[in-house]
Amino acid sequence: MTDPSAEPLWLTQGRAHVWRPYCQMKTAPAPLAVARTEGVRLVLEDGRELIDGMASWWTACHGYNHPHIRAAVQAQLERAPHMMFGGLAHEPAYRLARRLVHLLPGDLDHVFFAESGSVAVEIAMKMALQYWINRGVTGRTRFLSFAGGYHGDTLATMTVCDPEEGMHALFAGVMPTQHVRPLPLDADGEVVLDAFLAEHAHEIAAMIVEPRVQGAGGMLFHEDQVLRALRRLADRHGVLLIFDEIFTGFGRTGDLFACLGADVVPDIITLSKALTGGTLPLSAAVASARVFQAFWSDDAGAALMHGPTYMGNPLACAAANASLDLFEDGGWAVEVARIDCALREGLAACRHLPGVVDVRVRGAMGVVEFDHALDCGALSARFAARGVWIRPMGKVIYLTPPFVITDAELARLTDAIAAEVAAGA
């Protein structure tokens with residue numbers, strides 16, 4: 001093992017020029033230099049190995065460098081790495097679209113590809129707005145979203161995030177204000193939201209929610225009955241329902257899609273993150289037949305005028321098809337159930353420690369919530385010293401490991417959390 005304090009030259013020379021995400025560049029700790037990835041591990045330039053409890057922001061569900069995905073990308077690279085999607089077609093994208101709609105419930109059968117989750121949400125919002133315009137309905141220009149929700153960092157998606165979650169407060173007033181309401185967690189909550197919609201539905205194009213788990217807003221869980229209530233209310237008041245499954249899609253909650261497990265079909269669903277198994281950027285907004293029909297016209301002006309440059313990138317679509325291959329045998333569900341049990345057992349020790357207000361687990365997600373904001377940078381550094389990569393946020397320490405993680409590796413993660421919490425995290 002080399003000296004951990006010795007930086008590689010590429011980091012030293014490039015440090016002044018890379019603008020990093022979600023940090024104050026002047027004061028943030030230096031990033032860890034990663035040389036390569038293997039399975040569920042980040043191998044650092046100094047020779048250390050960290051067990052990754054984050055799956056790289058929830059993307060690497062099959063672990064890193066999976067040979068099947070790698071082979072698919074290499075084979076596609078030899079044929080065509082990219083081509084514009086305007087006026088051209090290629091097999092990986094068309095095959096992927098067909099496979100996705102066969103996996104999704106109901107009539108979610110029209111796939112619009114993009115590169116990132118935020119853009120997919122923007123596209124879903126644009127679809128919802130133009131759905132009403134194309135039908136000759138005026139005034140439906142606002143959205144209803146929910147407290148604790150997070151849907152992206154672009155200007156439009158910021159407006160449907162919880163305004164109290166902290167990342168977007170500087171931009172208040174730049175874009176139109178949307179309706180942000182509490183989730184209807186019980187019958188009383190449904191009555192309150194019903195009354196709100198009775199008054200405001202005429203101005204609302206769609207409501208948007210992260211099903212089962214509100215991720216970056218605090219890893220907040222809710223039950224499937226909430227989604228059923230939203231479907232009832234959307235139908236009653238004639239608004240569209242968008243499910244943002246960028247985080248929850250592809251097995252993370254124990255079902256391939258949260259909407260499948262909840263038996264609720266939205267009008268539009270957004271997908272990204274684990275879509276390619278954490279290999280390449282790709283996202284999609286998938287619309288129902290009802291939504292798509294509003295755009296099917298002899299009038300060119302009724303078309304959805306949107307087209308990201310790298311839309312339907314062949315390499316990314318090849319990776320996604322290979323990732324779907326790995327989901328086909330159903331073994332992932334057994335692994336997620338195993339991870340669920342291990343997280344419940346491993347994090348139970350935190351439940352009664354000082355400062356902890358909740359410990360919750362669902363599928364391949366484990367959360368320890370505190371009554372105070374955490375020093376996330378310092379805590380992440382201490383986790384790295386224990387040989388694990390865990391990146392807390394706000395008031396929570398959480399785990400979203402790859403599905404291929406072993407029980408021993410999971411125990412390393414949960415033991416590290418328990419030790420840091422006991423030490424006064």
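Me: By the grid rule, how many cavities of 30 Å³ or more does the count come to?
Reply: This is a predicted model, in which local features need pLDDT of at least 70 and side-chain atom pairs count only at pLDDT 80 or more, while totals for chains, interfaces and linings use all residues. Residues are numbered from 1 along each chain as its sequence is written, and side-chain values use heavy atoms, with hydrogens and water left out. A cavity is a set of points on a 1 Å grid over the protein atoms alone where a 1.4 Å probe fits but cannot get out, the points being joined across faces, edges and corners and the volume being the space filled by probe spheres set on them. By this rule the count of cavities of 30 Å³ or more is one.

Me: Which charged residue lines the largest cavity?
Reply: Lining residues have an atom within 4 Å of a point, and Asp, Glu, Lys and Arg count as charged. The lining includes Trp 58, Cys 61, Phe 247 and Phe 403, and by class it has six nonpolar, one polar and one charged residues.

Me: In E6, what is the bridge partner of Leu 144?
Reply: Strand E5 (residues 142-146) runs parallel to E6, and three bridges join them. The partner of Leu 144 in E6 is His 179.

Terms used: Two strands pair if DSSP finds at least two bridges between them. Helices (H or I, at least four residues) and strands (E, at least two) are DSSP runs, numbered from the N terminus. On a 1 Å grid over the protein atoms alone, a cavity is a set of points where a 1.4 Å probe fits but cannot get out, and a pocket is an open set with protein on both sides within 12 Å along at least five of seven lines; lining residues have an atom within 4 Å of a point.
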